[in-house]
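Thanks for making the time this morning.

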Amino acid sequence: MAKLPSTTDIIDDLAFFDDWEERYQYIIDLSKQLPVLSDEERTDDRLVKGCQSSVWLITGIDQGKLHFSADSDAIIVRGLLVLVLAAYQDKSAQEILAFDMDAYFKELDLERHITVTRGNGLRSIVGKIRQEASQA
Amino acid sequence: MSFDVQTLRAQFPILGTQVNGKPLIYLDNAATTQKPQVMIDALVAFYTQCNANVHRGAHALSDEATRRFENARNSVLTLINATRREEVIWTKGTTEALNLVANGLSKKLKKNDEIVVTEMEHHANLVTWQQACEASGALLKVARINDSGELDIDDFQSMLTERTRFVAFPHASNALGTLNPVTAMTAMVKSHCDALVLVDGAQGIAHCDVDVQAIGCDFYAFSGHKLFGPTGIGVLWGRYDVLDTWPVWQTGGEMISTVEYQQSTWGELPYRLEAGTPNIAGAIGLGAAVDWFMQQDRIALRQHEDELLKYAMELGSEFSGMTLVGTAREKVGVMSFLVDGTHPGDLGFILDQQGVAIRTGDHCAQPLMKRLGVGGTARVSLSIYNTVDEVDALFVALKKAQQMLT
Ligand SMILES: Cc1ncc(COP(=O)(O)O)c(C=O)c1O
């Protein structure tokens, strides 16, 4: 599996585009890097509540670092999951809780995805990950 | 009267605005319609000229507020051809109207009584009756639809028995656009059983000529905001002799005749079912919207809407990879669809970036989605002010979305 991009890669890449089409084409392309969960892994208890599309999240912990596998049936959400995991993947609970996701999305100029509570449900995903971190 | 869509559009300020830097193409009219300036003016006029509580008299402002508020009731009466103003009850919207009926119904129903609904219900016209059944031990029966989203009228008839006490169905389906033959269905109920009939008119009121006497139903419910009016106001129309015996549901001011510490007597209709200070501005705004609507050439509006829908459905059936969901012969205002290899949420998102507003998801009709074997759809819903150019632009935007997503 190719290594997912880091937050700095993403910030640099997105700053490069100036129209919506290029930006979302980039997010759609990112979605292709996110491993797909199998049907067996896509269980109902892993569904994140509050998303219009289905989003599954599996959390593992290894030597104090949290590892997430996430997937969605919607492509743009999958792309956005890559943006989110860039910040959270294989980080400690403290690092996860300290990360300012709102500021990051603001920097990416994708604020609406994180401020709108309904719709694509990114906020619920971030909330769920932070909850897992605070219980780890 | 001639009909010119540009003249009509000019009366809706929001239609001239931009979203995401693109001219707004608003195709989410089944969720809520946009508002004409005259409606907005009526709201402003109420607050700037005669804001006061109603029916409390004693001063000029209150008299004027009451006059405008009650005139609005008369406008609704005319729109739906009701016979008595006491039959027009203000509610928050369709949902509250249905809850008002369900609340009374659950007190009247007995164990083993039956309620009949259809497979195409909005949750509001399903869950309410589920609750009434749960409270009373009555049984909820669901009449089938066919794969194109039309009611199976034989199945509907077979549901009607001597135990049927209440039948509810939508004038039109919000998810598919299917228009139901409500007059024939009501007649069928009335000839087979001693049951009350409720028509969920949320999607009927802006697209059909509603004549409650001709339909023959006992209740007709709709929301003001889907009829060019404000949010937070709607109507329950009920036949006088039914409403007159209907149990009160909320209690408080306005609906009372006499109160002592241990008991009270209820006031007259319509106030008996309108507890508390009503949504005065909302009712006045809705009245203005209804007056405006009635002044339009509604035959021309209807024809325009029908042509638009037909055109959209034609383009949809030719669009490679598109599956139309809901292809009933009689439809109003809605094209629901899927595009191969894409999630409706993604489609909606890429359309939004291009200024095109549609709705995606289950449309508050999860059992219907399940029945049709889909998780949800993308839904385009049209209104009188949409244009052929907008439908063309929708399909250009869809093509782009399809290219990006597949
Ligand atoms: C068929 C139908 N019934 C009921 C409702 C509920 O209306 P409201 O949310 O305005 O109360 C809607 C609204 O979407 C509808 O389309």
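I will take the ligand shell, then a helix pair, and finally the contact between the chains.

Please keep in mind throughout that what you are looking at is a predicted model.

Let me begin with the ligand, whose surroundings come from chain B and include Gly93(B), Thr94(B), Thr95(B), His122(B), Asn125(B), Asn174(B), Asp200(B) and Ser223(B). Two helices of chain B, H4 (94-108) and H5 (124-136), each supply at least two residues of this shell. If we sort the shell by residue class, we find eight polar, three nonpolar and one charged.

The crossing of H2(B) and H10(B) is right-handed. On the H2(B) side the contact is made by Val38(B), Met39(B), Ala42(B), Leu43(B), Phe46(B) and Tyr47(B), and these meet Ala281(B), Ile284(B), Gly285(B), Ala288(B), Ala289(B) and Trp292(B) in H10(B). By class, that contact has eleven nonpolar residues, one polar residue and no charged ones.

Which residues, finally, bring the two chains together? Chain A puts eleven residues into the contact, and chain B puts in nine. On the side of chain A that touches chain B, helix H2 (20-31) and helix H3 (75-88) of chain A each supply at least two residues, and H2(A) gives the most, with four. That side of chain A divides into six nonpolar, four polar and one charged.

Technical notes. Residues numbered from 1 in each chain as written. Chains lettered and ligands numbered in written order. Predicted model: local features only at pLDDT ≥ 70, side-chain atom pairs only at ≥ 80, totals over all residues. Left-handed = near helix turned anticlockwise from the far one by under 90°. Contact = placed C-beta atoms within 7 Å. Nonpolar A, V, L, I, M, F, W, Y, C, P; charged D, E, K, R; others polar. Near = placed C-beta within 6 Å.
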